[in-house]
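Please look at the sequence and the model below. The paragraphs that follow go through some of its parts one at a time.

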Amino acid sequence: MKQANKSRRGWMRTAFGIAAGAPGILAAAEKTATPPAAPGWNGLGPSYDIATDIVNLENAYYGIMSRPVAEDFKRNIDYLNLHNSRFLRREFDREGIEAIRAQLAQHAGVGVKEIALTRGATESLQNLIANYRPLAAGEGVMYGNLDYDTMIDAMDDLARRRGAGVARVTIPEPASRQNVIDTYERALTQHPRTRLLLLTHVSHRTGLAIPVAEIVRLARARNVDVIVDIAQSWGQLDFRIPDLGADFVGANLHKWVGAPLGLGFLYIKESRLADIDVQLGNTIHPANDIRARVNAGTVNVAATMTIPASLAFHARVPLAERAARLRALREHWVGQVLALPQVQVLTPQDPAMYGAVTSFRLRGRTGFDENVALARTLADDFGIFTVARSGPAGGACIRVTPSYYTTHADLDKLVAAIHKLARS
Ligand SMILES: Cc1ncc(COP(=O)(O)O)c(C=O)c1O
């Protein structure tokens, strides 16, 4: 028993930077020490161990853990393996997980009762969509062509189960802030029975960042609820959950926060909790507890234990500065290919509408297979790893995603490759 208490304090102290003898785990977690001053970008790059056999410009799949986070994760695997169920049952399942949830709520700028941990954005959004209660037969759901396939499937499934209609929006290409807003406004007017709208803050297909708050306002005026997918934008753009104005949001932590794979959270505004049903009859938590909206069983606890280290590392550079750095990397390569008549860049030159992710295509090459082949050429002939994406109005494209450790030299390699391919 004595040993167990000692272990627990050891882990909590390490995870949260809690001073010895601090009163109350939760209170202490909220007071997590302010991280050291921002080291600047030259200081952050060396915190990553990066494979050097290829230039990785496919960082939208998931984010590489920085070295401090990866080391913490490994320590947590060992710690968990050593202390096993005693640590989980007596300590982590009661205090540890709640301290992490409290810290995450603070990070997101919402109340702790409004947040539940998940295994990623897919689980967060599937649970929100599938359990959305207000949709009635004869009403409708709406989503767009740039949304994520799994969420589109979930919206279709919800509509089918409820006897509701489906309205599909096509985001114009080229997109602009105004034409995106106009597109949703027109669609909501044309489909007045819409009850639920899915929005993806940053598209995984093109990198387009849409003006979510404005569209939420339009929807709210028509009594339409909005579920926002922030899988790509959380940690990539400078915002907090309340800025979106939406009542339902799904996120992960393993892309732009750089936590271990298999982590995310869902947000439900406290006053709207009853509008999302509990997950599959979950009785582990009472129905008035947001945690009843998730039931994932035994998860990767060592990953969960690493959330404090991930948030601490993420906080080393203010989000506004991180977001600006990512935008600047995107501008570095886009600025050098934009004038090429053969190249189409799929995010507009409006800094409010992109972050790190931006897709391009070679004019006329709109097929998915053609773009898969092009991504392969970029990898095999030029040593640059990207990915082909489908779904934009004008056809398939190549997604390019630098990250915190990407250098201008990496991007110049891409620029040279695009110039060569455009001429061929
Ligand atoms: C826009 C978008 N939504 C949802 C997801 C799913 O996220 P997760 O891997 O956390 O389940 C992704 C992942 O690529 C995404 O890009």
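Strand E10, residues 358-362, is mostly covered, with four of its five residues buried. The model is a predicted one. A residue is called buried here if 20 or more other C-beta atoms lie within 10 Å of its own.

Which strands pair with E10? Strand E9 (residues 343-345) is joined to E10 by three bridges, and strand E13 (residues 397-400) pairs with E10 over three bridges. E9 and E10 run antiparallel, and the pairing of E10 with E13 is in the antiparallel sense too. Strands of a sheet pair through backbone hydrogen bonds, either parallel or antiparallel.

Gln344 has Arg361 of E10 as its bridge partner. On the way to E13, Ser359 is bridged to Arg399, and Phe360 to Ile398.

These strands belong to an open sheet of four strands, in the order E9-E10-E13-E12, with antiparallel pairing. E9 and strand E12 (387-389) are at the edges and have a single partner strand each, so one side of each is left without a neighbour in the sheet. From one strand to the next, the twist averages 35°. A helix also packs on this sheet: H13, residues 368-382, touches E10, E12 and E13. The direction of H13 makes about 165° with that of E12.

Another part of the chain to look at is helix H8, which spans residues 212-221. Which of its residues are buried? They are Val212, Ile215, Val216 and Ala219. Seen down the axis of H8, these buried residues fall within an arc of 105°, so they line one face of the helix. The elements that cover them include helix H7 (177-190) and helix H9 (241-244), along with strand E5 (194-200) and strand E6 (225-229). After H8 comes Asn223, which has a positive phi, near 60°.

The last topic is the ligand. What surrounds the ligand? Its surroundings consist of Gly120, Ala121, Thr122, Tyr148, Thr200, His204, Asp229, Ala231, Gln232, Asn252 and Gly264. Sorted by class, this shell has seven polar residues, three nonpolar and one charged. Gly is counted among the polar residues in this sorting.

Key
Residues numbered from 1 in each chain as written. Predicted model: local features only at pLDDT ≥ 70, side-chain atom pairs only at ≥ 80, totals over all residues. Buried ≥ 20, exposed ≤ 12 C-beta atoms within 10 Å, placed from the backbone. Helix = DSSP H or I, 4+ residues; strand = E, 2+ residues; numbered from the N terminus. Pairing = 2+ DSSP bridges. Arc of directions from axis to C-beta. Contact = placed C-beta atoms within 7 Å. Axes fitted to C-alpha atoms, helices over the stretch in contact; angles between N-to-C directions. Near = placed C-beta within 6 Å.
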